[in-house]
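Good morning, colleagues. Please bring the sequence and the structure up on your screens.

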Amino acid sequence: MTDEQESVHGHDGELDSALEAARSGRGTLLTVTGGAGAGKTSFLRAAVAEAERQGFLVLRARGSFAGHSHPFDLVSRLVGSTVTKTADPAHHGRQPADLWGTDAGPVPAGARLDRALESLLQRNSRLFLAIDDLHWADEESVRLLTALPERVDHLPVVMVATVCAGAVTYAEDLAELLFDSSANIRLRDLDEPSVASLLTRRLEHDPDPVFVGACTLATGGNPLLVTAVADHFAIGEAVPDAEAARALPDLVLDSLGVPARVRLNRVSPNALPVFLSLAVLEDHATPRRVSALTGMTQGHVGDLCRVMRRMGLLAGAAGTHERVQPLWANAVLHETSHAVLQRLHAHAAGLLTEDGLPPEAVARHLVRSGPAGWPWAAETLRSAARTALREGDPVTATRYLSHALDEPLSDTLRAQLHLDIAAAGSRVDVASAARHVARALDLAPSGLPESGMDLGIATLLAVSDHTGTSAIAGHDAASGSLAGHRLRTRIFGPGARSVTDLIALVRHLEAAEDASPLADGLRAAMEAFRTGSRAVAGELAARSTQTPARSVDDMAGHLIAARVLTFCDENPLARATYERAVDTATRWQDRPALALALTGLATVKSRTGAVTEAVRDARSAMSLFEQAGLDLSSRLAQISVLALLHLLPDIGELHEADALLARHGITHDAAEGLHSAQMLMARGRLRVALGQPRSGIRDLEAAGRRFIALEISNPSVSAWRTILAEAHLATGDEVSAVAHAREDVRLARRWGAASVLGSSLRVLARAAPRSERLPLLEEAVAQLRTGTNTVALARTLTDYGTLLTGMDGAEARARRALREAVELARAAGVAPLLREATAGLTAAGGRNRPPRAPGWSSLTPSERTVAELAVQRLTNREIARRIFVQPRTVEVHLTNVYRKLGIQGRGELPRTPPEVG
C-alpha cells in the first residue's frame, strides 16, 4: 500500500460514494479537515489518482497565501488548468480568463463559473475539482465556491477541498461550505499500528517495536511528523532502535523548520513570537508569562494558542499551561538565532525566579542565556546542580556549575565552584575533575574552603594518578579532614598501602566517631589482610552493606565490604552487594563507580562458576574507565585489567592476556605498593601458563616480597604462595613447592574459608609425597563442596579422579569424580579445564558425551562477546577497541562464529542471542 492509498484507507467509502454519485449525474462536495501535517494533501493526491483511473477530468488548484488578496485567483487557476488537460488543439494557447466568457460588460462571477463548467462538461462527461489549502484562497473564490454545491447538484461534478483546522481566513464562508458539504472527512492522528505501517514503507524494513511506540508518542501520530522521522533515519546513519527511541523527543528535523515558520506567519505576524515563547517556557508556559515575554495581551495570546492548537502545533489538551508539540518546537528553535533565544531564556529565568519556582526550573534557562550578572544566579545554579546530582545526573550538574563560573564571583566562591565541578565531573570524566581541583588550589593559596573538599573525590583522583591533585595532601590548610585524605591517598593511591597505614586510617575515623559504611568496610579489610578473625571480618563487612550508599565514601565502603565478603566465602551476599552497587552507580551515572562495581561482580561470578559472564563484566568495566577519561594504565583502571588478566587464562585466552599485559601491565617492576604486587602476581601466573615457569617464579617471588612488606598474609586476599608452588612444580622443584603450599594451607586453616583452603590443599597434594596425596585431595573436595566455587571444585575433582585412575577398585569413583568435573567445567565455560577433565575421564574408561551441536552454546566466551557486539552493528575496529584486541583477532573470532552457527555473515546473526547456561 502506497502512502496515498494509506491516506484514503478508512475513508474510501465517502470517496467511492461521491464518485458513484457523479457517474449518476449528481454533484457532490467533500471537505477534508485536519491539523498541520494530518495528511490532507496526501488524501487529495490519492483521491485525484482514483478519479483519473475512473475517467474523470481532473482540475486542480491550491490556495495561495500570496494570491489571497487577488479576486478570483483560485477559481481562475482551477478552471484555467484545463488548458493543459484537454487534447483539443483548438484550446491550446488560450488564457484561463477566456473561459469566463466574452460578453461585453461585466458578467456575474457565478454565471462565468457555470459557463466554464458547461464548457468543460462538453469535453468530458465527468469533472473532479481538487482544491488544496482552501483556507488560503482569496475571499471571492471562497464565496463563489460556497454556492457550488447548489450549482452542481444535478451535474456529474465532484469537488474535494482540504481545509487546515485553525488556519481559517474567511471563517463564516468556510463554515457555510463545510456545513453544505456532502461529507466532512476529519483526518485523525495515526494509531500505533498505522505508524508502524508508515515507518515500514519509508524505511523499507520492519522497525523496532520500541521505536514505533516512541515515535507514536513523540509525533502524536501526525503523518507528516512520522514521515519526517522515517526519512531522517532512512537517509542518515542513525539506526531506529530502542536507543534512538529514547532520543526522539530531542530530535531536530530540518525539513520541518521552514514550513512551520511559514505556517505560523500566515496565521499572524504575532504567531511566531508566541510559539517561540511557548517553546522556551515548556511546562512553565502560562498566558501571563507568554504575555510578559511577547508584550502582547493575554487575550491575544489565548486567541493565537487556540488557532495553533487546532492546527496541531500544540500538544495535549487546552488548559492553563500550553505546550508546543516537541518536534515542531525543536525545528523552529533550530531555525531561530542564538541571540533571540538567549534573550528569551534570560527573560524567562527572571520571570520564574519572581514566581518562586524551584532553582532547577530557573537553571535550565540560565544555562541557555549569557551571563546574567544577577546576584542570585550562581547560587541558583549550584542549588540546581545539587538536585541534579541527587537525581543521578552529573552531566547536567556539571553544566550548571560550569555556567555559574561565568558569573561575577569572589575567588573563594570560584574555588568552591571548581571543587563542586570536580565532585560532579569525577563521575563521568576524572581527568577533567582533576583539572578543576588544581584550579581550586590555585585560587585558594591560603587554604581550601573548609566544606569544599569531598574526601571520596580527592581519593579517587589520587588513585587515578592525576598529579594535579597530589598537592591536596600537602596543602597548608589546617583541616582535620585533609589529614584523613593524606591517609586515604597513602592507602588507595601511590605508595606502600600496608596494614599499618590501614590501622592509622581506621583510628582516624574512630577518633572522628565515624560509623559509616566506609569505616566498617576498612575495619573488615584490616581484619582480612592480616588473617585475623573471619567471623569478625564478615560481620563488619555485612554491617557495612546494610546502610544505603548516599555518597562516594559510602559506595567505596560497600565495594570494600563486598570484596571482604568474597574473602570470607560469603559469595551470595557479596554478589547482592555488588549488584546493588551497579544499580546505584547507574542511577548516579557514576562511570568509575560502575566500573568498580562491575569488576567486583566479575570477581564474585568467577568464584561461583559464571566465568563467561565474569569476562563480559570485566571488559565492560575497562570500557567504562576509558569513557571516564582514565588511561587503562592508571592504578584505578588497572583494577579491571587485573580482573580480566586473572580470567583470560581460565578460558584459554592466553595470547589475549599476554597482549593485554603488554599494553596495560607493569611499567616499573621496582614500584612498591599493592598495585604492583597484584600486577606482578598476575604476570607471574600468566608466564607459568605460557610455559615460562622460571620467569613466572621471578615475578611471583617479587610479588610475595611486596605482600609481606604490606603485611598482607591471607591467601584469600592473595594466593601468591599457591601459584608459586605450581610454578616450582613446573620446574621440578617439589621441595620449594611443598614449602610454599604448606604455608598457604596453614594460613588458610587459620582463616577458615573453605574455597581457599580447598584450593591450597589441591596444590599441596600435587607437590606432596604420593602417600599423602589422596587424603589431601579428599579433604580438598570436602571443603570445596561446602562452598560455591565450582571452578575450584572442578579442578580438584579432576586431580582427584586422575589420581584414583589406576588404583585397584577405584575406577568407578574416578569416573564419577571426572564426570562431575566435566559437567562443572562445561557449565562454567572453562575450556582448558574441560579438555583436561575430559581427557582424564576417557583415560579412566568413562564414556564422554557427544560434542555439543553447533550453536550459541558451542561458542567460546570471547567468540560470544564478539558476536553480541556484531549484533549491535559495531564494526570490527569498534569491537576491537571495545574488548581491547586487534581487529585481526575480531575477524578470526567472527569466522569461528559463522562456522559454528552455520551462517554466512553478520546479517544472519539473531538480534537477541539466546541465553547460555
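What percentage of the residues in the protein is buried? Of the 917 residues, 55% are buried, where buried stands for under 20% relative accessible area, exposed for over 50%, and partly exposed for values in between, with a 1.4 Å probe and protein chains only. Two remarks on method belong here. This is a predicted model, in which local features need pLDDT of at least 70 and side-chain atom pairs count only at pLDDT 80 or more, while totals for chains, interfaces and linings use all residues. Residues are numbered from 1 along each chain as its sequence is written, and side-chain values use heavy atoms, with hydrogens and water left out.

The protein has 47 helices and 7 strands; these are DSSP runs numbered from the N terminus, with helices being H or I of at least four residues and strands being E of at least two. Of the contacts (heavy atoms within 4.5 Å) between residues at least 6 apart in sequence, 67% join residues at least 24 apart. The protein exposes about 39100 Å², and carbon and sulfur atoms supply 52% of that area, computed by the Shrake-Rupley method with a 1.4 Å probe.

I turn now to helix 20. Residues 377–390 form this helix of 14 residues, and its first and last C-alpha atoms are 20 Å apart, close to the 20 Å expected at 1.5 Å a residue; the expected span is 1.5 Å times one less than the number of residues. Helix 20 is mostly covered, with 10 of its 14 residues buried, including Thr380, Arg382 and Leu389. Its buried residues pack against helix 19 (359–366), helix 21 (394–404) and helix 22 (411–425). Just after helix 20, Gly392 has a positive phi of about 80°.

Next, helix 35, residues 654–664. Which of its residues are buried? They are Glu656, Ala657, Leu660, Leu661 and His664. These residues lie on the same side of helix 35 because they cover an arc of only 135° around the axis, taken from the directions from the helix axis to the C-beta atoms. The face turned away from that buried side carries the exposed residues His655 and Ala662. Among the elements covering the buried residues of helix 35 are helix 33 (611–627), helix 36 (674–689) and helix 45 (861–871).

Finally, a loop residue. Thr286 sits between helix 14 (271–281) and helix 15 (287–294), and counts as buried because its relative accessibility is 12%. Its C-alpha atom is 6.5 Å from that of Glu322, 36 residues apart along the chain.
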